[in-house]
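Trainee: I've got the file open and a list of things to ask. Can we go through them one at a time?

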Amino acid sequence: MTTIRLTNTKTRKKEVFTPIDPANVRLYVCGPTVYDRAHLGNGRPVVVFDVLFRLLRQIYGADHVTYVRNFTDVDDKINAAAQARKAAGDPRPLEDLIRERTDETIGWYHADMDALGALRPTAEPRATEWIGAMIAMIEDLIAKGHAYEAAGHVLFRVRSYRDYGALSGRSVDDMIAGARVEVAPFKEDPMDFVLWKPSDADLPGWESPWGRGRPGWHIECSAMSHELLGASFDIHAGGIDLQFPHHENEIAQSRCAHPEGGFANYWMHNEMLLVDGKKMSKSLGNFFTVRDLLDQGWPGEVIRMVYLGTHYGKPMDWTEEKAEQARDTLRKWRQLTENVEAANMPDPAVVAALANDLNTHGAIGQLHRLAAAGDVAGLKASANLLGLLTDDLADWTWRPVSGGVGTHHFEAMGIAAGPATVGTSQLKVFDLEQVEQKIAQVLTARSEARAARDYQLADQYRGKLLAAGVSVKDQPGGAVWELMPDFDPAKLEAIK
Ligand SMILES: Nc1ncnc2c1ncn2[C@@H]1O[C@H](COP(=O)(O)OP(=O)(O)OP(=O)(O)O)[C@@H](O)[C@H]1O
Ligand SMILES: [Zn+2]
């Protein structure tokens, strides 16, 4: 059996991965707070740990891996989003608005992560469905002396857990000095963190031994992972931004409530997706969503390949150049493997690269080798292990129809001009020849305008084409065009 090695944040070493029970390998990944669309940074852990999930399934068997990723659907930001709708005049009760917002966001999340080719986890618990388990865990922590009630809150007594800080390698005193901890008069110690807090009458709340209130964020993951995976499980993962305090707090709660268990044996953290050197984040406002990119015409498979081009332990950024490269490679591979049946097994060198601390970049290098060697069946099977060249992500390949090459590409993909599908849901029917003629006509008018030095008019033509979903690029050999997913034949025809 292939030996997997993973960098364990807990020990800061690359370790051999040995599951507690090879018949049920258990993975927990912290999921999103569902108040808004996922940004490109949020998609990174999803794709990275999807590759881990696929690798584990490959090695231990598809039915022998349990992957849990939660939805945090109790949060001030969710409440604020619902309150804004109410303030805008929506007559429904706040609770309904909250539920609508979280349901809607979960729907978006699924659609966007599906588009990135991520398999759905085995279980996706919603925090609001596990409040009872959270209350029971908090009661237990109080009974064991690790938590206390104060002013309607329940707080975790950080000094009662000796190993607090071990994951991030900091002492409690360093943390107090460095962190922005909330000092509240009812806390015994500034480091103590909230397990339960009171809810205002107009906000969501649940009855508890401490009055009507709601859980803190950290206890959610401790309670849900315990319910679904037990007191000891194999891998706990999430972004590096969650290492402290979220994961440190999860460990403290879980180890203190269930001293018989070890909680997670391996901790994995993905590095951040950056924008101009800073973490992409909602609070900094420097973000774009996965959906923005999909809407711009970037296929989910291309976005996925861009993520996989960088090791998860390194920061990365998004550039159009990387995306164009990934798109060209995938298009080539898709053409090579069209109508090819995947080999039974992925190539051993690809498996070995992934087993080496998820070296996705190395694995992609091996895919290039397979393509160059003409092993197309091996290429397909191996790419599938990375979630690439899969049938579900195949729908984009016909799209980039560029001037001249277009017709051939359509034919190469087995889609005759005429009815063509765009994305998975919309059906657009158009006559390719007519479309090509019209684009050529507009491009000729644009060239004429340029020749007459009327650049404003030339730009207007280009803008009109773009509005119809035809992107134009000037290349040394002349203008090249592509149909974008939002291509609208009627708008194109209407250009004068
Ligand atoms: N820029 C980023 N790069 C990589 N992973 C990220 C980035 N930002 C957030 N994540 C990860 O996304 C996952 C979901 O996080 P969560 O929903 O809490 O994000 P968020 O708090 O809405 O994001 P933000 O940090 O932008 O406010 C977590 O695992 C988190 O570590
Ligand atoms: Zn968590």
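Trainee: How do the residues of the shell around ligand 1 divide into nonpolar, polar and charged?
Mentor: Keep in mind that we're reading a predicted model here. The shell holds 19 residues, with Pro32, Gly41, Gly239, Leu273 and Ser281 the closest to ligand 1. By class, the shell around ligand 1 comes out as 7 nonpolar, 8 polar and 4 charged.

Trainee: And which element gives the most to the shell around ligand 1?
Mentor: Two elements put two or more residues into that shell, H1 and strand S9 (232-239). The top contributor, with 4 residues, is H1.

Trainee: Which domains each give at least three residues to the shell around ligand 1?
Mentor: Start from the division of the protein: domain 1 (5-270), domain 2 (274-398) and domain 3 (403-493). The shell takes at least three residues from each of two of these, domain 1 and domain 2.

Trainee: Let's stay with that pair. How many residues does the contact take from domain 1 and from domain 2?
Mentor: Taken over C-alpha atoms, the centres of domain 1 and domain 2 are 29 Å apart. As for the contact, the count is 26 residues from domain 1 and 33 residues from domain 2.

Trainee: Which element gives the most to the side of domain 1 that touches domain 2?
Mentor: The elements with two or more residues on that side are strand S1 (5-8), helix H1 (40-60) and helix H3 (94-115). By class, that side of domain 1 has 10 nonpolar, 7 polar and 9 charged residues. The biggest giver, at 12 residues, is H1.

Trainee: On to H3. How far apart are its end C-alpha atoms, and what span should its 22 residues have?
Mentor: Work it out at 1.5 Å a residue: the 22 residues of H3 should span 32 Å. The model agrees with that, since the end C-alpha atoms of H3 are 31 Å apart.

Trainee: What arc do the buried residues of H3 cover around the axis?
Mentor: The buried set in H3 is Leu97, Ile98, Arg101, Thr102, Thr105, Tyr109, Asp112, Met113 and Ala115.

Trainee: Why would residues three or four places apart point the same way?
Mentor: It comes down to helix geometry. An α-helix has 3.6 residues a turn, so residues three or four places apart point the same way.

Trainee: Which residues are exposed on the other side of H3?
Mentor: First look at what the buried residues of H3 pack against: H1, helix H2 (76-87), helix H8 (290-295) and helix H9 (300-308). On the other side of H3, the exposed residues are Glu95 and Gly107.

Trainee: Which residue follows H3 with a positive phi?
Mentor: Look at the stretch after the helix. The phi there is positive, near 80°, and the residue is Gly117.

Trainee: Now H11. What do the buried residues of H11 pack against?
Mentor: H11 covers residues 348-355, and its buried residues are Val350, Val351, Ala353, Leu354 and Ala355. Following H11 is Asp357, with a positive phi near 55°. The packing partners of the buried residues are S1, H1, helix H12 (360-373) and helix H13 (376-385).

Trainee: Last one, for the whole protein. What percentage of the residues count as buried?
Mentor: The protein has 17 helices and 17 strands, and its C-alpha atoms fill a box of roughly 80 × 60 × 35 Å along the principal axes. Of the 496 residues, the share that counts as buried is 42%.

Methods:
Residues are numbered from 1 along each chain as its sequence is written. Chains are lettered from A and ligands numbered from 1 in the order in which they are written. This is a predicted model: local features need pLDDT of at least 70, side-chain atom pairs count only at pLDDT 80 or more; totals for chains, interfaces and linings use all residues. Domain bounds come from an automatic or database domain assignment. Two residues are in contact if their C-beta atoms, placed from the backbone, lie within 7 Å. Ala, Val, Leu, Ile, Met, Phe, Trp, Tyr, Cys and Pro count as nonpolar, Asp, Glu, Lys and Arg as charged, and the others, Gly among them, as polar. A residue is near a molecule or strand if its C-beta atom, placed from the backbone, lies within 6 Å of it. The expected span of a helix is 1.5 Å times one less than its number of residues. A residue is buried if 20 or more other C-beta atoms lie within 10 Å of its own, exposed if 12 or fewer, and partly exposed in between; C-beta atoms are placed from the backbone.
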